Amino acid sequence: MATFWWCVLGLLTCGYFALAGYDYGVGMLLPAFEADERKRRRTLGALGPFFLANEVWLVAAVGLLFGAFPHLEGKVFSGAYVLVVTLLLGLVTFTASMQLRSRRPDARRGAWTAGIVGGALVTALSWGLFLGNLVLGLPPIADVLAFFNPYAALWALGFVALFCLQGAAFLAVRAPAELTGRAVRLARSFTAPVFAFLVIATGWGYFALDGVTALGVGVAVLAFGAFAACWLGLRTRRHRVALVGSMVLSACPALLAGTLRFPTVLVSSGAALTVGDAATTSGTFAVLGWFAAPALVVLLVVQWLTWRAHRHPVDQRSLLHF
């Protein structure tokens with residue numbers, strides 16, 4: 001039962017990164033487009049219909065973590081509280097700035113634009129540091145500087161490049177025709193740093209990580225395959241293929257953190273926590289089943305309907321949410 005719910009948690013977490021990754025990528029890439037307000041609004045408008053729906057996946061994943069794996073939740077949030085705080089600051093800044101930027105047509109938007117870019121950057125860096133430390137093993141709580149070790153720093157920079165690639169691929173599909181060329185060039189420019197991140201992180205991890213399972217190796221292979229699909233999609237101008245490849249690639253780090261040493265799900269300061277030790281009681285799992293299954297179905301259906309309704313690029317008739 002614990003393994004089943006761990007897979008459900010993995011689905012929600014990977015879904016969040018696959019979808020919300022381009023939120024932060026578009027936010028970080030905003031200065032790369034012309035400062036013309038009309039074009040910036042249309043760039044953000046390409047993201048608008050998906051923005052809040054994408055963030056719901058994180059809420060669902062955290063809720064399931066609290067309910068199904070309370071022992072893991074306590075160790076993770078207390079063990080990496082510095083990164084959790086910076087992550088929350090980035091998320092709140094990014095979300096609030098997106099919501100408030102275009103609220104008043106006659107208002108100045110410079111501060112809100114800076115909030116979008118800065119919040120997205122802090123979020124990407126924080127996620128990279130957080131997952132990099134989970135893969136390496138959480139350091140002692142008292143040693144705050146240890147969270148910024150070289151391996152985790154590599155992941156932080158890699159996440160910035162990865163989300164930017166995903167955001168540019170998304171804009172290549174959804175942005176207005178006048179911005180598509182710029183988006184494709186940006187996406188191609190980020191393939192080199194993302195590939196470098198994959199190669200260095202994999203090679204470094206081969207020597208630095210212990211207890212790696214076949215599942216972890218499989219995720220690494222999947223990541224390189226997803227990158228190849230993204231790269232080929234950009235080269236052949238099949239931008240939807242490139243977007244799907246980048247979405248799968250963005251989900252791979254979270255998938256790796258959950259399967260690297262399975263059934264061990266957390267390594268921290270010399271101690272290890274298995275999925276069985278982290279899980280709640282069987283009675284709680286039974287209660288979760290009544291609520292989690294319908295909620296997951298609704299989440300998947302709403303996400304699919306949103307994509308189907310807004311599968312075409314933004315044009316003059318599109319409603320701009322932001």
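**Notes on the predicted model**

1. Pro263 sits in the loop that joins helix 9 to strand 1. The model is a predicted one, and in it the peptide bond from Phe262 to Pro263 is cis, with omega near 15 degrees.

2. Arg237 is not a glycine, yet has a positive phi of about 65 degrees. Is Arg237 buried or exposed? Its relative accessible area is 68%, and the cut-off for exposed is over 50%, so Arg237 counts as exposed.

3. The largest pocket has a volume of about 900 Å³. It is lined by 40 residues, and those closest to its centre are Leu9, Thr13, Leu65, Phe130 and Leu134. By class, the lining of this pocket consists of 31 nonpolar, seven polar and two charged residues.

4. Which elements supply the lining of the largest pocket? At least two residues each come from helix 1 (2-29), helix 2 (37-68), helix 3 (70-79), helix 4 (81-100), helix 5 (110-136), helix 9 (239-259) and strand 1 (264-268). Helix 1 gives the largest share, nine residues.

5. The second largest pocket has a volume of about 430 Å³. Of its 23 lining residues, Ala201, Thr202, Gly216, Ala220 and Leu256 are the closest to the centre. Helix 6 (150-174), helix 7 (177-208), helix 8 (214-235) and helix 9 each contribute at least two residues to this lining. The lining of the second largest pocket has 20 nonpolar and three polar residues, and no charged ones.

6. On the surface, a nonpolar patch is formed by Phe195, Val199, Ile200 and Trp204. Together these residues have about 350 Å² of accessible area. One of them, Ile200, belongs to helix 7. Why does Ile200 count as partly exposed? Its relative accessibility is 44%, which lies between the limits of 20% for buried and 50% for exposed, so partly exposed is the class that applies.

7. Ile141 is found in the loop between helix 5 and helix 6. Ile141 counts as partly exposed because its relative accessibility is 43%. Between Ile141 and Ala53 there are 34 Å in space, taken from C-alpha to C-alpha, and the two are 88 residues apart in sequence.

Note on methods
Residues are numbered from 1 along each chain as its sequence is written. This is a predicted model: local features need pLDDT of at least 70, side-chain atom pairs count only at pLDDT 80 or more; totals for chains, interfaces and linings use all residues. Side-chain values use heavy atoms; hydrogens and water are left out. On a 1 Å grid over the protein atoms alone, a cavity is a set of points where a 1.4 Å probe fits but cannot get out, and a pocket is an open set with protein on both sides within 12 Å along at least five of seven lines; lining residues have an atom within 4 Å of a point. Grid points are joined across faces, edges and corners, and a volume is the space filled by probe spheres set on the points. Helices (H or I, at least four residues) and strands (E, at least two) are DSSP runs, numbered from the N terminus. Ala, Val, Leu, Ile, Met, Phe, Trp, Tyr, Cys and Pro count as nonpolar, Asp, Glu, Lys and Arg as charged, and the others, Gly among them, as polar. Patches are made of residues with over 30% relative accessible area and no salt bridge: like charges are joined within 9 Å, nonpolar side chains (Val, Leu, Ile, Met, Phe, Trp, Tyr) within 5 Å. Accessible areas come from the Shrake-Rupley method with a 1.4 Å probe; for residues, only the protein chains shown count as cover. A salt bridge is a side-chain nitrogen of Lys or Arg within 4 Å of a carboxyl oxygen of Asp or Glu. Buried means under 20% relative accessible area, exposed over 50%, partly exposed in between (1.4 Å probe, protein chains only).
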